[in-house]
Amino acid sequence: MDILWMILGALLMLVGIAGCVLPFLPGPPLCFVGLLLQQLNSDPPFSASFLWLWAGITAVVTVLDYFIPVYGAKTFGGSKWGMWGCTIGLIAGLWFGPFGIIIGPFVGAFIGEMMASNNAHRAFKSALGSFAGFLFGTLFKLIVCFVMTWYFGVFVYHYIVQ
């Protein structure tokens, strides 16, 4: 059974990392569930305080993920149109690979802001804010997921070595 929990945990880690970029998957919560599954092993690897700490980090990152892009857009004068455009641009950009994931949110935010104000300078500035907020939030989620994946990998390594 231990091998099954490790395989499921590894799959959740991979899907969680993908979820940091894909807007419809909750990346950090999936990685955290991958850690939690390891507690079902015959020798649970993590302490309760470790899991509570990561539960808190996961909750904070998940909540901040909703506020960071809004803060970036508002700081640069953006509107809800820009935020929606950023999200739609990300989804559309998924069809164009890594380049689309990077450029899609910016183009979407710019188009959304143009629809809201019809002022190209203002739309460009707020699109930069939306894009910066999106990038910062994504980077923040990736860092958290990679650290959880590292702890998972250390556990799997020690399990294999023993």
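**Side-chain contacts, core and surface of the predicted model**

A salt bridge joins the side chains of Lys141 and Asp65, with an N to O distance of 3.3 Å; the term denotes a side-chain nitrogen of Lys or Arg within 4 Å of a carboxyl oxygen of Asp or Glu. The pair connects distant parts of the chain, Lys141 lying in helix H6 and Asp65 in helix H3, 76 residues apart. Helices are DSSP runs (H or I) of at least four residues, numbered from the N terminus. Lys141 is buried at 10% relative accessibility, whereas Asp65 is partly exposed at 23%. Buried denotes under 20% relative accessible area, exposed over 50%, and partly exposed the range in between (1.4 Å probe, protein chains only). A search of the whole structure gives 1 salt bridge.

The model is predicted, with local features requiring pLDDT of at least 70 and side-chain atom pairs counted only at pLDDT 80 or more, while totals for chains, interfaces and linings use all residues. Residues are numbered from 1 along each chain as its sequence is written, and side-chain values use heavy atoms, with hydrogens and water left out.

The structure contains 9 aromatic pairs, defined by ring centres of Phe, Tyr and Trp (six-membered ring) within 6.5 Å and classed as stacked for planes under 30 degrees apart, edge-to-face for over 60 and tilted for the rest. Phe46 and Phe50 form a stacked pair, at 4.8 Å centre to centre and with 15° between the planes. Phe50 also pairs edge-to-face with Tyr151, at 4.9 Å centre to centre and 75° between the planes. This second pair links distant parts of the chain, as Phe50 belongs to helix H3 (residues 48-75) and Tyr151 to helix H6, 101 residues apart. Phe46 is buried at 11% relative accessibility, as is Phe50 at 16%; Tyr151 is partly exposed, with a relative accessible area of 30%. One aromatic cluster comprises Phe46, Phe50, Trp54, Trp150, Tyr151, Phe155 and Tyr159.

The largest nonpolar core has 19 residues, of which Leu35, Phe46, Phe50, Trp54 and Met148 touch the most other members. Such a core is a set of buried Ala, Val, Leu, Ile, Met, Phe, Trp, Tyr and Cys residues joined through side-chain atoms within 4.5 Å. Two or more residues of this core come from each of H1, helix H2 (27-37), H3 and H6. H6 gives the most, with 7 residues.

The disulfide count is 0, the criterion being a pair of cysteine sulfur atoms within 2.5 Å. The closest cysteine sulfur to that of Cys20 is in Cys145, at 3.4 Å, which is too far for a bond. For Cys31 the closest cysteine sulfur is likewise in Cys145, at 3.5 Å, again too far for a bond. Cys20 is buried, with a relative accessible area of 1%, and Cys31 is buried at 0%.

On the surface, Met1, Ile3, Leu4, Ile7, Leu8, Leu11, Leu14, Tyr159 and Ile160 form a nonpolar patch with about 910 Å² of accessible area together. Helix H1 (2-19) and helix H6 (120-161) are the elements that give two or more residues to this patch. H1 gives the most, with 6 residues. Leu14, placed in helix H1, is exposed, with a relative accessible area of 57%. Patches consist of residues with over 30% relative accessible area and no salt bridge, like charges being joined within 9 Å and nonpolar side chains (Val, Leu, Ile, Met, Phe, Trp, Tyr) within 5 Å. Accessible areas come from the Shrake-Rupley method with a 1.4 Å probe, and for residues only the protein chains shown count as cover.
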